[in-house]
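Welcome! Please open the model in your viewer and get ready to select a few residues as we go.

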Amino acid sequence: MRGQEATTGVSSGIDAPTLTAADLVDRRDPRRVTDREVPYRGMVWDVRRDTIDLGEAGIVQREYLEHPGAVVAVPYREVGGRPQALLISQYRHPVGTFEWELPAGLLDVAGEAPNVAIARELAEEADLVAQTWHVLADFYASPGGMNEALRIFLARDLSAVPTAERHQREAEELGMPTRWVDLEDAVQAALSGRINNAGAVVGVLALSAARERNWSTLRPADAPWPQHPCNFAS
């Protein structure tokens, strides 16, 4: 590695410069795709195979899941001064696990705005309506293998969906339990590895950080989301 650094002029991590908060931003700069195939079309997502020109690094092929994106809600309340978040438990077959998660869903309805989609998902999965919505965080689930972008919303001022209007759940959602959890307990579960769902881990940690900052980091529910693949040309 030392020899490689000597020839390329790249310093080791110990010598790397320090970024300011203003400089710490992802840089979108897609490399040129010279060929694109879809070797597999699935029920929810497809597999793409791109041939990419990386310039000096050469020509490479990469396969990845093309995903419609998803939205996540953190239902929030305070009871007796104790901040709490609502979690649900759902079976996830690829990992064979009943995961504690946050209400969430795919952006698979054509033309539906993300903030509208998450309000629908919160009603369907938790029988809740929120009067106050904000964006907590955005992230990519696994950018080395899929283009799934997720947006996490904070849902407050909650009320129940009337019984007659509640969504009839089925498949993995049938009988899905919902539980309120003290925020500190949720944070401890995330940091200790007792819960592993990406949306839940990011959501509860983002909630804790936003609350500690007196909600100053919150963004409007309809804030721009330029990272979502729907904004990129195919």
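This short tour of a predicted model moves from a single side chain to the nonpolar cores and then to a loop.

**Stop one: Gln84.** Select strand E5, residues 82–92, and pick out Gln84 within that strand. Is Gln84 buried or exposed? Its relative accessibility is 7%, and because the cut-off for buried is under 20%, Gln84 counts as buried. Now show the side chain of Asp182: a polar contact of 2.9 Å joins it to the side chain of Gln84. Leaving out residues up to four places away in sequence, Gln84 also touches others, including Pro75, Tyr76, Arg77, Trp180 and Leu183.

**Stop two: the largest nonpolar core.** Next, select Val74, Leu102, Leu136, Ile152, Leu154 and Leu207. Among the 26 residues of the largest nonpolar core, these touch the most other members. Colour strands E4 (70–79), E5, E8 (128–140) and E9 (149–160), along with helices H3 (183–192) and H4; each supplies at least two residues of this core. In soluble globular proteins, nonpolar side chains tend to be buried together.

Zoom in on Leu136. Setting aside neighbours within four places in sequence, its contacts include Val74, Ile152, Leu154, Ala206, Leu207 and Leu218.

**Stop three: a second core.** Select Leu122, Ala126, Leu128 and Ala149, which are among the 18 residues of a second, separate core.

**Last stop: Asn214.** Find the loop between helix H4 (198–212) and strand E11 (219–220), where Asn214 lies. Asn214 is exposed, with a relative accessible area of 63%.

How values were computed
Residues numbered from 1 in each chain as written. Predicted model: local features only at pLDDT ≥ 70, side-chain atom pairs only at ≥ 80, totals over all residues. Heavy atoms only, no water. Helix = DSSP H or I, 4+ residues; strand = E, 2+ residues; numbered from the N terminus. Buried < 20%, exposed > 50% of the residue type's maximum accessible area, 1.4 Å probe, protein only. Polar contact = N/O pair within 3.5 Å; in protein donor to acceptor, adjacent residues only side chain to side chain. Contact = heavy atoms within 4.5 Å. Core = buried A, V, L, I, M, F, W, Y, C linked by side-chain atoms within 4.5 Å.
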